[in-house]
Amino acid sequence: MPLPLLALAIASFGIGTTEFVIMGMLPDLAQDLGVSIPQAGMLVTAYALSVVVGAPVLAVATARLPRKSALIGLMGIFILGNLFCALAPSYGLLMAARIVTALSHGTFFGVGAVVAAGLVPRHKRGQAISLMFSGLTLANVLGVPLGTALGHELGWRATFWAVVAIGIIAASALALWLPRGLPGSSGGSLLGEFRVLGRPQVAMAMMISVISSASLFSVLTYITPLLEHVTGFTPDQVTYVLLLFGVGLTVGNLLGGRLADWKMMPVVMTTFGIIALIQVALVWTSATPMGAVPTLVLWGIAAFCVGSPLQMRVVDQARGAPNLASTLNQGAFNMGNALGAWFGGIAIDHGMSYVHLPWLGAGLAICALTLTAIAAATDRGQPQAGEEGEQACAGYAH
């Protein structure tokens, strides 16, 4: 992995770890701060909403900064936020610290994706974006389990201190390895950049990102009770199954980057079809451990196979404002996370059993496939997308 991409991957590993590790420490954290577990769970919700809200704010605030300076500054916010988390004496202050930490999340991944795409030749941009996001998938495989174990042994504050250390390493790597002279935005007005978001193809690409995440999280949010009550796994066994699922996410992320550089839209449409079929199969395979485990691994591969292509699609279509659009697409993914969990909760509240929940995820995947097909059809006859975005980065590609 080229050193600049490695620096971006280290940073995404730290961001992914701090986002998800708190889920494994909720009981300990709730007991220590004197709140209920549902109240502690609001720390997860607040983080996700802060990503959605903070992404456009910081995208505008950093729009005129050189991208290297912007990325290092965003990691500074990340380090300070986790430092405040480690020191927070009360639930309210921990909540405030989580909100501060999340502000940098969407903008870092948005700007980082544009930088990663500009560091390599055009035919390798999908792989470059997937390499940056590999840190996020590895966070689920390594960072979250290790961080949770550290929190159980030494207390939840120790986990945040460890994340602070990762943030310092990432900021140092960015300062040392990212090339100088990374430009800011194209130099147009902010109003002009926001007008770019009104382009039908940009809006459609972001909508596909929302539906894609909703398809995943409508089932993944409730995967633990499904595996325990339907498949018959113990809580300890579920941990190992989810670890294998995380391995599938990592493989899918890297595979998606390579396939995106080949034929992006056909790959995305095919993958959404595969996701729908896998989720339908899960309705039956979840009945036994031998059926559930391979199905979940395949689902993880397919689910993250579309992440990098969708991010690249937004960067391609948002000519003139790739930073802003790429950042807002991260908010779109997080909005899909929240909507998917909400849709799944509504289905369960209205009598849908856990075993039938994958039907909902499959239906959303079909919606994403349909919208992708419409976007691909409207591409025909239009000029090649992405040339301006590529030229904005061309000065440091190597």
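The model is predicted: local features need pLDDT of at least 70 and side-chain atom pairs pLDDT 80 or more, while totals for chains, interfaces and linings use all residues. Residues are numbered from 1 along each chain as its sequence is written, and side-chain values use heavy atoms, without hydrogens or water.

The largest nonpolar core comprises 76 residues, and L8, M75, F108 and W299 have the most contacts inside it. Such a core is a set of buried Ala, Val, Leu, Ile, Met, Phe, Trp, Tyr and Cys residues joined through side-chain atoms within 4.5 Å, buried meaning under 20% relative accessible area with a 1.4 Å probe, protein chains only. Helix α11 (residues 235–285) gives the most to this core, with 13 residues. Another core, of 20 residues, lies apart from it and includes M25, L43, A46 and F160.

Helix α1 (residues 3–20) meets α6 with axes that come within 7 Å and cross at roughly 40 degrees; axes are lines fitted to C-alpha atoms over the stretch in contact, and angles run from 0 to 180 degrees between N-to-C directions. Helices are DSSP runs (H or I, at least four residues), numbered from the N terminus. The residues that α1 brings to this contact (heavy atoms within 4.5 Å) include L5, L8 and F13.

Helix α6 (residues 125–154) also packs against α13 (residues 307–317), at an angle of about 120 degrees and with the axes 9 Å apart. Here R125, G126, I129, S130 and F133 of α6 face S308, Q311, M312 and D316 of α13 in the contact.

Definitions and conventions:
Helices (H or I, at least four residues) and strands (E, at least two) are DSSP runs, numbered from the N terminus. Buried means under 20% relative accessible area, exposed over 50%, partly exposed in between (1.4 Å probe, protein chains only).
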